[in-house]
Amino acid sequence: MSDRPNVLVIMADQMVAELTGVYGHPVVRTPNLDRLAQQGVRFDAAYCPVPVCSPSRSSMLSGRFASTNCAWDNAAPIASDIPMLPHYLGTAGYDSALAGKMHFVGADQVHGFAKRLTTDMFPSTLAWTPDRDAVGRFVHPGNPDGPPIAIDYVSSGPVQWTEQLQFDEETHYRALEYLRSRRTSRRGSLQVPTPEPESDPFLLVASYHHPHEPFLAPQKYWDMYADVATEPVRVTADEDLPRSAMDEWVDTLHGVDGVDLTDPEEVARTRRAYYALVTYIDDKVGELLDVLEETGHAEDTLIVFTSDHGDMLGERGMVQKRTFYEWSARVPLIIGGGPVQASGTTSSTPVSLIDLVPTVCELVGVQPVRPDGRSVLAELRGDTAEPAPVFVEYHSEGVYAPCWMRREGHLKYIYVHGHGHQLFDLATDPDERHDLAEDPRYADAVQRARADIIDRFDPDGIEHRIRQSLADRRVVRSAMAASGAVWAYDPDPALFTQYWRET
């Protein structure tokens with residue numbers, strides 16, 4: 001095995017860790033994630049940096065907080081001079097490729113990748129820039145004329161085909177062919193391809209859309225759960241649950257008031273379609289693992305599987321992401337493959353996706369610049385690491401103030417700047433039903449967590465920077481709309497030089 005392992009990052013979108021077989025769900029089938037977990041470490045307390053797509057992904061690839069990157073929402077550009085994982089590995093001689101969804105916003109649609117094998121799904125422009133009024137209240141999402149987001153949670157079921165499935169199939173094909181090309185070269189214009197070892201290691205990020213809504217599953221996967229009883233919503237909205245200002249804000253954004261999320265038949269259809277799409281992604285994982293074995297790279301490739309965030313799926317009467325509750329903020333994270341020594345183990349230590357960059361950089365001998373995350377290489381080697389607090393943040397796109405989650409040990413603290421706080425003990429209350437923030441027994445823990453957030457992040461300063469960013473982006477958004485300017489990425493597959501044709 002090389003001392004510079006290949007790196008394969010497989011990313012789902014909006015996958016709930018708890019709704020996978022590898023994390024113990026009795027119904028959802030994920031045999032390939034089970035297989036990967038047997039080759040590595042399953043992290044049972046892994047969190048996304050931000051419970052929304054674009055900021056979470058840029059934080060994962062940079063190893064920095066979204067507020068460090070100024071990645072406030074799904075329409076915030078990421079500066080080209082922020083080093084990303086492919087930049088770091090490129091300095092170590094790696095070839096790097098991105099297939100699928102990454103939701104980069106701005107003119108830089110590559111961010112260090114030597115190759116981008118597909119286009120993206122969502123706008124690369126500022127079209128989704130959220131608006132606030134003069135006092136900071138959220139006005140509307142970037143697409144105010146569309147139906148409420150919650151509609152997708154009562155319109156689930158089987159389907160022959162969708163654009164989202166088309167995107168994932170193209171992503172998957174390009175990722176598989178990239179892996180196969182690492183062992184195939186051609187000699188002369190008409191010779192049969194012959195296997196040749198590649199001298200340079202590679203980084204491949206394969207990023208899929210599903211199981212993100214709309215929950216429309218291929219018939220094959222829908223039928224897999226025909227005779228399976230789907231679970232009802234576990235934590236219903238009519239219970240006496242603690243509610244934060246953040247909850248009220250994102251529920252308004254998602255339009256949950258106009259949709260019945262409690263109808264048993266609708267819940268069953270949504271959960272069944274979601275299960276089906278999780279298994280659909282699991283099959284993609286299996287095919288990637290198979291090709292690694294076929295090409296001889298299984299023993300020298302570090303494999304990471306994760307998701308950018310989760311989905312509330314009707315729990316607490318909520319949908320989608322944008323909240324700090326476990327179904328939204330906690331993500332699956334499995335790191336396996338040849339370089340991992342602690343095969344078949346689990347870790348309960350809280351970690352974040354921003355830990356990926358320092359981990360991979362330590363493994364390959366590269367020093368990241370000012371990372372906010374920490375390396376979890378010790379856990380991959382079966383050693384004990386010093387735990388550190390994990391932070392999740394969310395500041396724009398539906399909320400009126402900067403918001404943070406801080407987890408240390410089994411205590412989760414939620415802070416909504418100027419609008420209150422919550423504290424949950426996940427050891428005794430995994431469903432987050434009991435807010436302990438005002439319990440005198442936890443006063444010291446609350447004070448310490450709140451001080452840590454304020455000292456580390458400067459909420460007032462962040463609020464000022466967000467308002468400046470929104471004002472700037474509104475001007476540029478209007479100008480781009482008027483001129484028709486776009487930043488969309490064209491992968492240009494160079495068809496004239498493919499196969500045995502000559503230019």
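How many of the seven residues of β13 are buried? In this predicted model, β13 is mostly covered, and the count of its buried residues is seven of seven.

**View 1. Strand β13 and the side chains on its two sides.** Thr301, Ile303, Phe305 and Ser307 point one way from β13, whereas Leu302, Val304 and Thr306 point the other way, and all of these residues are buried. In a regular strand the side chains alternate between the two faces of the sheet.

**View 2. The pairing of β13 with β1 and with β14.** With β1, strand β13 pairs in the parallel sense over seven bridges, and in this pairing alanine 12 stands opposite serine 307 of β13. With strand β14, which spans residues 333–337, the pairing of β13 is antiparallel and runs over five bridges; here valine 304 has isoleucine 335 of β14 as its bridge partner.

**View 3. Helix α2 and the elements that cover it.** Helix α2, made of residues 53–62, is mostly covered, with 10 of its 10 residues buried; among them are Cys53, Pro55, Arg57, Met60 and Leu61. The elements that cover the buried residues of α2 include the strands β1 (6–13), β11 (202–211) and β13 (301–307), together with α3 (66–69), α4 (85–91) and α10 (356–364). After α2 comes glycine 63, whose phi is positive, near 75°.

View 4. A search of the whole structure finds zero disulfides. For cysteine 53, the closest cysteine sulfur is that of cysteine 48, and because the two sulfur atoms are 10.0 Å apart, they are too far from each other for a bond. Cysteine 70 is likewise in no disulfide, the nearest cysteine sulfur being that of cysteine 403, 17 Å away.

**View 5. The packing of helix α1 against helix α8.** Helix α1 (residues 31–38) and helix α8 (residues 264–294) pack with their axes 7 Å apart and at an angle of about 50°, which means that α1 is oblique to α8. On the side of α1 the contact is made by Pro31, Asn32, Leu33, Arg35 and Leu36, and on the side of α8 by Asp282, Asp283, Val285, Gly286, Leu289, Asp290 and Glu293.

Conventions
Residues are numbered from 1 along each chain as its sequence is written. This is a predicted model: local features need pLDDT of at least 70, side-chain atom pairs count only at pLDDT 80 or more; totals for chains, interfaces and linings use all residues. Side-chain values use heavy atoms; hydrogens and water are left out. A disulfide is a pair of cysteine sulfur atoms within 2.5 Å. Buried means under 20% relative accessible area, exposed over 50%, partly exposed in between (1.4 Å probe, protein chains only). Helices (H or I, at least four residues) and strands (E, at least two) are DSSP runs, numbered from the N terminus. Contact means heavy atoms within 4.5 Å. Two strands pair if DSSP finds at least two bridges between them. Axes are lines fitted to C-alpha atoms, for helices over the stretch in contact, and angles run from 0 to 180 degrees between N-to-C directions. Angles under 35 degrees count as roughly parallel, over 145 as roughly antiparallel, 65 to 115 as roughly perpendicular and the rest as oblique.
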